[in-house]
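The entries are kept in the order in which I looked things up.

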Amino acid sequence: MIRMNFLASAPSELLQALDALGQAPATDINHLQRAPAFLRVLELCQGHYSGIGSGSTLRFAIASALQQLGLACLVDRTAPGLAVPTIDVLNGLDLAIRSTSTTRRHLCPLDLADELPPVSFGRNQVRRFSPAELGALVDFVRLKRAHRTWVFDSARFAQFTWLVVEEDVEHPSGVPGVRTLPGLLVNLGQDLGRIEPHRSGLPASVEAALFGLLTIPWEDIADYREMDWRGFRIPWVYTIDGDVFARPRPPPSPDSLSWEPAWRPTGYEDEEEYERPVNLPLEDNSSAIDWLNDRAWAELTSARNTSLFERPVAHFFVRGFQSEGIDEFLAHISTIEAALGSPIDHDAKKRPRVGGPKQGATHRVCLRISGLLDDATVGTTYAKLFGLRSDFLHGKPMGDIPGSERRTAREIARKVVCALIGAAVSVPSVDRDQFLADLLDGGARLDQKMNSMSQSSGGTGGR
């Protein structure tokens with residue numbers, strides 16, 4: 001969509017004014033705003049584009065955009081590719097003013113990742129990039145125009161695997177000054193101390209892509225699975241906004257990622273030291289990873305729009321990746337609770353009875369796990385894990401939680417999430433309450449069968 005009509009007389013007048021401005025001596029955006037030639041450009045813009053604002057914020061926004069677009073007086077003329085013809089600056093400015101949306105690209109380094117097969121799902125991709133490709137992804141030329149001292153070390157960054165997420169985002173305002181200084185839109189009367197319960201600290205599109213990656217059974221293919229099931233970490237997200245009115249962020253340093261010293265032979269009995277990325281080794285993983293494609297992404301996205309994901313299942317699933325220690329363990333348990341728990345489980349008068357003496361909320365979640373995964377032993381395992389969670393929350397004496405049980409908690413959480421996705425894809429109109437009721441019945445039958453077999457073989461049975 002294009003809005004704010006551009007009058008036919010504007011291109012030639014603006015082109016002439018911009019050309020005169022571009023031929024001025026080298027300057028910066030602060031001094032430029034006082035130049036008569038710049039004020040003429042500003043006057044023409046205000047006359048030909050309606051609703052773009054005025055004052056110091058507009059001056060700063062237009063000056064900043066002209067620099068990022070490569071106006072000669074604002075960039076290093078001696079550096080190749082920084083200064084561009086004035087007509088290109090005009091076209092870029094015209095497009096930016098009239099646009100209603102922008103494309104954002106989020107670059108997420110997969111720190112500690114082993115060699116992974118390249119995967120593409122929706123507008124997300126995971127792979128290695130060459131130094132030239134990374135330079136294009138971050139729009140390095142635009143970065144150098146904005147800040148001559150900024151450096152993006154694409155050669156070192158190219159040694160890592162990346163998750164790259166793209167999304168289209170509507171501008172918060174048609175006023176360039178607000179797009180350059182979004183803080184102008186902040187409502188100072190709001191409760192600035194409020195807690196937004198489901199914020200993860202990641203852009204929503206990145207969190208969605210990470211949710212997809214976490215459905216991969218990393219806990220099965222990680223060599224050091226008892227120590228850490230995760231196949232990678234995401235220490236930061238670097239976002240590039242295609243809007244030239246948006247101010248670029250300083251690029252991160254490769255030193256923020258994990259490196260280790262190594263040695264390589266240089267000749268007879270000679271070696272040299274170098275550094276290389278630290279990797280968490282994986283087993284042969286292609287078949288476990290490369291199934292995540294456009295079709296799988298479409299199914300996952302569709303499933304998350306059903307009633308089975310109305311509760312914060314995805315929030316806790318991602319939190320289990322982001323957190324450490326006991327908080328990670330609790331997030332795995334909470335994923336399962338959010339997926340298969342129901343408020344009626346805590347109402348002793350209204351909840352339907354199930355077979356056996358146990359009627360509590362935790363036992364019902366255990367039965368639903370068994371019914372969902374068609375395996376009564378998984379429900380029994382979860383009951384033990386939930387006991388550890390309760391011991392911690394209620395302050396009971398407890399020892400360390402073994403790495404094997406942390407991995408098991410993650411495994412059950414992933415299997416539950418994946419099974420929910422499958423159920424939602426099969427029946428998009430699924431009613432959550434009825435779905436949970438059916439799982440409860442199915443799990444109760446499996447539990448009764450397991451207990452009967454255990455008793456017949458002399459065991460104690462039950463949970």
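My entries follow, beginning with the basis of the model.

**Basis.** I worked from a predicted model, in which local features need pLDDT of at least 70, side-chain atom pairs count only at pLDDT 80 or more, and totals for chains, interfaces and linings use all residues. I number residues from 1 along each chain as its sequence is written, and side-chain values use heavy atoms, with hydrogens and water left out.

**Confidence.** I looked up pLDDT, the predictor's confidence in each residue, from 0 to 100. The chain averages 91, and 95% of the residues score at least 70. I took helices (H or I, at least four residues) and strands (E, at least two) as DSSP runs, numbered from the N terminus. Confidence is lowest in helix H12 (residues 286-289), with a mean of 81, and highest in strand S4 (residues 161-170), at 98. Over residues 1-9 pLDDT stays under 50. For that stretch I noted 22 contacts beyond four places in sequence, a contact being heavy atoms within 4.5 Å.

**H14 and H15.** For helix pairs I used axes fitted to C-alpha atoms over the stretch in contact, with angles from 0 to 180 degrees between N-to-C directions. Angles under 35 degrees count as roughly parallel, over 145 as roughly antiparallel, 65 to 115 as roughly perpendicular and the rest as oblique. The axes of H14 (residues 313-322) and H15 (residues 325-340) come within 8 Å and cross at roughly 160°; the two helices are therefore roughly antiparallel. Residues in this contact include Phe-316 and Phe-317 of H14 and Ala-331 and Thr-335 of H15.

**H15 and H18.** I found an angle of about 30° between H15 and H18, whose axes lie 9 Å apart. H15 is therefore roughly parallel to H18. Among the residues in contact are Phe-329 and Ile-336 of H15, and Val-416 and Leu-420 of H18. I sorted the contact by class into 10 nonpolar, 2 polar and 4 charged residues; Ala, Val, Leu, Ile, Met, Phe, Trp, Tyr, Cys and Pro count as nonpolar, Asp, Glu, Lys and Arg as charged, and the others, Gly among them, as polar.

**H17 and H18.** Helix H17 (residues 376-393) packs on helix H18 (residues 403-426) at about 125°, with the axes 11 Å apart, and the pair is therefore oblique. The contact includes Tyr-382 and Leu-385 of H17 and Thr-408 and Ile-412 of H18. Its residues divide into 6 nonpolar, 2 polar and 1 charged.

**Salt bridges.** I searched the whole structure and recorded 30 salt bridges, each a side-chain nitrogen of Lys or Arg within 4 Å of a carboxyl oxygen of Asp or Glu. Which residue pairs with Asp-243? The partner of Asp-243 is Arg-179, and their closest N and O atoms are 2.9 Å apart. Asp-243 lies in the loop between strands S5 (238-241) and S6 (259-267) and Arg-179 in helix H9 (residues 176-180), so the pair ties together parts 64 residues apart in sequence.
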